[in-house]
Amino acid sequence: MLPIGTIAPNFTLHSTPDQRLTLEELRNKKVILAFYPADWSPVCGNQMALYNEMLKYFSRHNAQLIGISVDSKWSHLAFSDQNKFGFPLLSDFEPKGEVARLYEAYDDHTGECRRALYVIDEKGIVRWSYLSPVGINPGADGILDALEELDTVKSTNQ
Amino acid sequence: MTQLKPLINSNDHLFGNPAASLELVEYGDYECPHCRRAYPIVKAIKEILGPELKFVFRNFPLSNIHPHAFMAAVATEAAGLQGRFWEMHDIVFENQKNLEVDNLLLLASNIGLDIDRFESDLRSKALHEKVEKDFESGMRSGVNGTPTFFINGRKFEGDWSRGALLEELRAVLA
């Protein structure tokens with residue numbers, strides 16, 4: 001995982017079949033990058049569906065959630081439609097896993113992303129990260145604690 | 001690690017013995033099929049452990065995938081205002097596939113609630129906020145799906161569907 005304080009590597013990936021998203025466009029917002037292994041895991045409240053329920057809590061901290069896996073943009077489109085996701089899923093598809101590698105979140109054995117979380121601040125600096133065992137959905141408490149702490153630090157410095 | 005926040009308090013619906021030292025908390029969603037499967041398991045646990053157990057149910061509705069879950073949760077809270085939380089909790093799980101508001105009214109009348117009061121309580125802002133507060137507490141406690149269980153404040157990581165939940169409760173009790 002990238003160390004805290006690193007400048008988050010920039011990237012551009014498909015967010016829908018005809019749109020791309022560039023990390024740098026999200027300056028002035030916090031960004032939650034959630035790398036995950038695959039669309040279509042067979043449980044209710046999988047990690048992305050869980051986070052989708054929490055978007056309003058993330059946005060209270062001026063944070064944008066982004067999901068990233070190596071699935072194709074077409075798979076993402078269907079997965080997103082079925083779950084009514086209100087945040088982008090990026091397709092790290094070609095070259096496969098290139099962005100995940102930049103973030104040290106690629107698993108060479110499975111050819112999928114690991115379950116890695118990053119919180120990036122408004123200036124594009126990595127401020128928090130967490131690598132979860134691949135079979136374990138890490139929930140959102142760590143992300144929320146990190147967002148809260150960033151906001152607290154900011155208000156004490158002002 | 002993942003710790004229940006806040007601990008059991010006066011806002012919770014409590015089943016069993018309030019003085020019991022063994023505490024089981026479930027975060028659940030009334031429209032979630034896994035929670036439906038857990039429902040009789042928990043019910044059996046409540047019976048087996050009897051006065052040794054205090055059980056609390058907190059709402060964790062996943063509203064995007066389960067469009068009726070939030071209102072079903074509000075309905076149990078509204079029943080709670082008439083002192084009938086657990087009856088509504090049970091009948092809602094037992095009728096999981098029919099949780100449109102009309103059906104919630106039917107269920108409420110089946111258990112003998114004052115329907116006018118129930119209907120107006122369904123719109124109560126305070127009850128909607130209570131359900132949201134439950135959800136937030138789940139988020140902060142590391143709930144990562146439904147159902148999630150906590151035993152004496154600590155997240156239960158085992159497989160609840162195969163008897164491990166009762167075993168763990170017994171182990172804590174011993």
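**Exercise: the neighbours of β4(B)**

Task: Find which residue of β4(B) stands opposite Val25(B), and then work out in what sense β4(B) pairs with strand β2 (residues 22–28) of chain B.

Solution. Val25(B) stands opposite Phe150(B) in β4(B). This is a predicted model, in which local features need pLDDT of at least 70 and side-chain atom pairs count only at pLDDT 80 or more, while totals for chains, interfaces and linings use all residues. Residues are numbered from 1 along each chain as its sequence is written, chains are lettered from A and ligands numbered from 1 in the order in which they are written, and side-chain values use heavy atoms, with hydrogens and water left out.

Next, Leu24(B) has Ile151(B) in β4(B) as its bridge partner. Strand β2 and β4(B) pair in the antiparallel sense over 4 bridges, where two strands count as paired if DSSP finds at least two bridges between them. Strands (E, at least two residues) and helices (H or I, at least four) are DSSP runs, numbered from the N terminus.

On its other pairing, β4(B) joins strand β5 (residues 154–155) of chain B, again in the antiparallel sense, over 2 bridges. Here Phe150(B) stands opposite Lys155(B). The hairpin of β4(B) and β5(B) has 2 residues between the strands, and Asn152(B) takes a positive phi near 45° in it.

**Exercise: the whole sheet and the faces of β4(B)**

Task: Give the order of the strands in the open sheet of chain B, and state which residues of strand β4 (residues 148–151) point one way and which the other.

Solution. The sheet is open and has 5 strands in the order β1-β3-β2-β4-β5, with mixed pairing. Because β1 (14–16) and β5 of chain B stand at the edges with a single partner strand each, one side of each is left without a neighbour in the sheet.

In a regular strand the side chains alternate between the two faces of the sheet. In β4(B), Thr148(B) and Phe150(B) point one way and Phe149(B) and Ile151(B) the other way, and all of these residues are buried. Buried means under 20% relative accessible area, exposed over 50%, and partly exposed in between (1.4 Å probe, protein chains only).

**Exercise: salt bridges within and between chains**

Task: How many salt bridges are found over all chains, and which residue of chain A does Arg140(B) meet in one of them?

Solution. The search of the whole structure finds 16 salt bridges over all chains, each being a side-chain nitrogen of Lys or Arg within 4 Å of a carboxyl oxygen of Asp or Glu. Among them, Arg140(B) pairs with Asp145(A), with the closest N and O atoms 2.6 Å apart. This pair crosses between chains, from helix α6 (residues 125–140) of chain B to helix α5 (residues 141–157) of chain A. Arg140(B) is partly exposed at 21% relative accessibility, and Asp145(A), with a relative accessible area of 35%, is also partly exposed.

Because Lys54(B) lies in strand β3 (residues 53–59) of chain B and Glu23(B) in strand β2 of chain B, the pair ties together parts that are 31 residues apart in sequence. Lys54(B) counts as buried, at 9% relative accessibility.

Arg117(B) is partly exposed at 38% relative accessibility, whereas Asp121(B) is buried at 11%.

**Exercise: backbone details**

Solution. The bond from Glu94(A) to Pro95(A) is cis, with omega near -5°, and Pro95(A) lies in the loop between β5 (89–91) and α4 (98–102) of chain A. In chain B, the peptide bond from Lys5(B) to Pro6(B) is cis, with omega near -10°, and Pro6(B) is found in the segment before β1 of that chain.

Finally, consider Asn28(A), a residue other than glycine with a positive phi, near 80°. Asn28(A) lies in the loop between β2 (19–22) and β3 (30–35) of chain A, and is exposed, with a relative accessible area of 61%.
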